[in-house]
Amino acid sequence: MNAKVLITGAAGYIGSHTAWDFIDSGCEVVALDNLCTGFREMCPPPAKFVEGNAGDAELLSQIFRAENISAVVHIAGSASVPESVADPEKYYRNNTAASLVLMEECARNNVRDFVFSSSSAVQHGTPGEFLDETMPTITISPYGASKLMTEQMLADIGAARGLRWCALRYFNVCGADEKMRAGDCKKNATTLVKAAMECAAGLRKEVRVFGEDYKTEDGTAVRDYIHVSDIAAAHRLALAHLAAGGKGGAFNVGIGKGFSVREVIAAAQKASGKTFPTPSAPRRPGDPPRVVSNPARAFKELNFRPRFAEITPMLKTAWQWETLLREKNGEKRK
Ligand SMILES: NC(=O)c1ccc[n+]([C@@H]2O[C@H](COP(=O)([O-])OP(=O)(O)OC[C@H]3O[C@@H](n4cnc5c(N)ncnc54)[C@H](O)[C@@H]3O)[C@@H](O)[C@H]2O)c1
């Protein structure tokens with residue numbers, strides 16, 4: 001691919017992998033990140049790094065004028081469901097309002113192609129074995145609503161201003177770059193995989209299992225886990241699809257297979273060779289029993305083919321990264 005792409009959030013977990021994927025494919029990358037949760041050193045060195053806010057109109061306009069950007073991959077955002085319940089204004093400001101400014105600046109500066117990090121949270125609460133894009137969108141958190149509102153703005157502004165767009169609804173992203181150039185650096189993460197890795201590394205004492213009385217095979221919640229490098233590749237495929245005149249819209253990007261909390265914990269213990277306590281805890285409000293994708297549209301139209309189809313190989317890369325990170329940070333087991 002021969003393009004110059006602005007990637008927002010490129011110092012974060014998914015953004016850094018996506019930036020590497022584009023660079024590996026021969027693209028030039030301008031990385032915009034305000035480092036609110038990201039890490040400067042995670043941004044791939046070949047990318048041009050700009051520290052700033054993805055909702056800063058003046059800065060965006062400067063970047064678009066100076067860099068001859070042909071497309072935007074908008075990954076920057078705030079990503080915690082519980083935090084969004086406690087602080088909804090932050091989510092509408094950082095996810096929805098900032099995205100509006102970015103879309104307006106794209107339209108003003110003639111940048112036509114836009115790929116957006118959406119989330120399966122726009123369909124949390126939608127009943128069904130496998131979620132596809134034709135099923136209703138129902139959100140049960142301000143986080144999900146902030147993403148869904150952005151999808152709606154893309155549809156409306158896209159139609160009015162000729163912006164071509166794809167919203168990739170990620171399911172649960174995990175793992176790390178196989179070359180160990182990037183991985184999840186978050187501290188006190190709320191995601192199951194990162195918590196399990198920190199536990200295996202001796203940095204947490206336990207992983208609590210929220211709810212063991214769901215109507216699922218082992219009673220714990222079931223999710224679709226996708227490797228971060230596969231999600232990264234989906235952005236490149238989405239942009240290539242738009243550039244070739246393909247139809248945009250929302251794409252559910254998962255592997256189409258569910259793993260329960262207990263299965264993920266067993267895989268984390270296997271991948272790391274460590275055991276740790278996993279006490280039961282009450283269900284968390286707003287946690288649906290089952291969220292699994294039907295990724296058929298992404299397979300058919302984007303030619304998306306995840307390389308990782310099983311949870312243990314995904315978690316082996318997460319464990320390798322966790323070990324490396326702890327060595328780098330000089331952290332010791334408690
Ligand atoms: N991790 C998942 O499983 C998952 C699932 C679905 C969707 N998503 C979405 O993917 C995106 C990335 O998630 P992540 O897990 O990599 O999180 P992350 O916190 O590691 O990365 C987000 C990055 O965006 C930057 N950022 C945030 N707000 C910004 C702003 N206004 N301007 C510039 N930079 C800003 C942060 O500094 C950080 O580097 C988020 O939009 C999230 O909602 C993540």
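Met180 is buried, at a relative accessible area of 14% (buried means under 20% relative accessible area, exposed over 50% and partly exposed in between, with a 1.4 Å probe and protein chains only). The model is predicted, so that local features need pLDDT of at least 70 and side-chain atom pairs count only at pLDDT 80 or more, while totals for chains, interfaces and linings use all residues. Residues are numbered from 1 along each chain as its sequence is written, and side-chain values use heavy atoms, with hydrogens and water left out.

Met180 has a positive phi of about 60° although it is not a glycine. Its place is the loop between strand S7 (172-174) and helix H6 (192-200); helices (H or I, at least four residues) and strands (E, at least two) are DSSP runs, numbered from the N terminus. Asn110, likewise not a glycine, has a positive phi of about 65°. Asn110 is located in the loop between H4 and strand S5 (113-119), and with 54% relative accessibility Asn110 is exposed.

Two aromatic pairs are present in the structure. Rings of Phe, Tyr and Trp (its six-membered ring) pair if their centres lie within 6.5 Å, and planes under 30 degrees apart count as stacked, over 60 as edge-to-face and the rest as tilted. The ring centres of Tyr91 and Tyr143 are 6.2 Å apart and the planes stand at 80°, so this pair is edge-to-face. Because Tyr91 belongs to helix H4 (residues 88-108) and Tyr143 to helix H5 (residues 142-161), the pair ties together parts that are 52 residues apart in sequence. Tyr91 is buried at a relative accessible area of 0%, and Tyr143 is buried at 10%. For Phe299 and Phe304, the ring centres are 5.9 Å apart and the planes are at 90°, so this pair is edge-to-face. Phe299 is partly exposed, with a relative accessible area of 26%, whereas Phe304 is buried at 2%.

Charged side chains also lie over aromatic rings. The charged end of Arg181 is placed over the ring of Trp20, 4.2 Å from the ring centre, and Arg290 lies over the face of Phe130 at 5.1 Å from the ring centre. A charge sits over a ring if NZ of Lys or CZ of Arg is within 6 Å of the ring centre and within 35 degrees of the ring normal.

Helix H4 also takes part in a helix crossing. The axes of helix H2 (residues 57-67) and H4 come within 10 Å and cross at roughly 35° (axes are lines fitted to C-alpha atoms, for helices over the stretch in contact, and angles run from 0 to 180 degrees between N-to-C directions). The crossing is right-handed, a term for the near helix being turned clockwise from the far one by less than a right angle, with anticlockwise giving left-handed. In H2, Ala57, Leu60, Ser61 and Phe64 meet Val101, Leu102, Glu105 and Cys106 of H4, where contact means heavy atoms within 4.5 Å.

Thr96 is another residue of helix H4 and is buried at 7% relative accessibility. Apart from neighbours within four places in sequence, Thr96 contacts Tyr91, Ser146, Met149, Thr150 and Met153.

His227 lies in strand S10 (residues 225-227) and is buried at 0% relative accessibility. Its contacts, leaving aside neighbours within four places in sequence, are Cys174, Gly175, Ala176, Phe308, Met314 and Thr317. His227 and Arg290 are 63 residues apart in sequence and 19 Å apart in space, C-alpha to C-alpha.
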